Every structure is written in C-alpha cells, then in structure tokens.
Amino acid sequence: MYDLTGFQRDLLYVIAGLDEPHGLAIKEELEEYYEKEIHHGRLYPNLDTLVEKGLVDKGQRDRRTNYYTLTRRGRREIAARKDWESNYINVSFEGIDD
C-alpha cells in the first residue's frame, strides 16, 4: 500500500465499500468526495494499476461493463493500512465542526 498514490488508495476504499462496483459507480463516488470531475483517463489507468498489482480483480458484466472487487491481498493491505493509521490517529473526531 505504501507505493500507491492517494488516489489509488481512495479507489481501493471505494471498491471495498461497494458491492462489485462498475467504473461509473466508482467515478461517481469519488466525484462526490473530491467535489470535482474525475476523467476516464485518470480513473481507468489507475484501476488497471490496482489490477496489475494484485489488489483488485476485474470482472466483466457484459461486453461494455466491467466490475471490480478486492482480492484477498487488497483486503489485507487495507487492514494493514488501518492498523498503521491507528498508531497515529487514535483520537475521536466526533462533534468537530467545520
């Protein structure tokens, strides 16, 4: 996980949180979070990188639609990242206003 960009980590988190999302669903989730448009030229090459690294599996729903799921390694990497983050972020953020 240390060699991923922040965008790639966000892709992993979105895929983990959705049930076999297709590219457009992932794109929409990230656009909502980033509050700006995510171009296909950014999205799909980064998804392919996650597939190449063995963190994500890519399946095909139909001839035009692919879906993505975490691999076992992808789930382990997210768990390890969460454990690592808990060493540094162990305070409650509840009730904090903007």
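User: Let's start with Y33: is Y33 buried or exposed?
Analyst: Keep in mind that this is a predicted model. The relative accessibility of Y33 comes to 61%. Anything over 50% counts as exposed, so Y33 is exposed.

User: What kind of aromatic pair do Y33 and Y34 form?
Analyst: A pair of aromatic rings is described by the distance of the centres and the angle of the planes. For Y33 and Y34, the centres are 5.4 Å apart and the planes make an angle of 45°. Planes under 30 degrees apart would be stacked and over 60 edge-to-face, so this pair is tilted.

User: Which residue lies over the face of F7?
Analyst: Look 3.9 Å from the centre of the F7 ring. The residue sitting over that face is R42.

User: Over to A80: how far is its C-alpha from that of M1?
Analyst: A80 is in helix 4, which covers residues 72-86, and is partly exposed at 42%. Along the chain, A80 and M1 are 79 residues apart.

User: Where is I89, and what is the accessible area of its nonpolar patch?
Analyst: I89 is in the segment after helix 4 and is partly exposed, at 48%. On the surface, I89 forms a nonpolar patch with W84 and Y88. Together they have an accessible area of about 380 Å².

Definitions and conventions:
Residues numbered from 1 in each chain as written. Predicted model: local features only at pLDDT ≥ 70, side-chain atom pairs only at ≥ 80, totals over all residues. Heavy atoms only, no water. Phe/Tyr/Trp six-rings, centres within 6.5 Å; stacked < 30°, edge-to-face > 60°. Buried < 20%, exposed > 50% of the residue type's maximum accessible area, 1.4 Å probe, protein only. Lys NZ or Arg CZ within 6 Å of the ring centre and 35° of its normal. Helix = DSSP H or I, 4+ residues; strand = E, 2+ residues; numbered from the N terminus. Patch = residues over 30% accessible without salt bridge, like charges linked within 9 Å, V, L, I, M, F, W, Y side chains within 5 Å. Areas by Shrake-Rupley, 256 points an atom, 1.4 Å probe, with all protein chains shown as cover. Salt bridge = Lys/Arg side-chain N within 4 Å of Asp/Glu carboxyl O.
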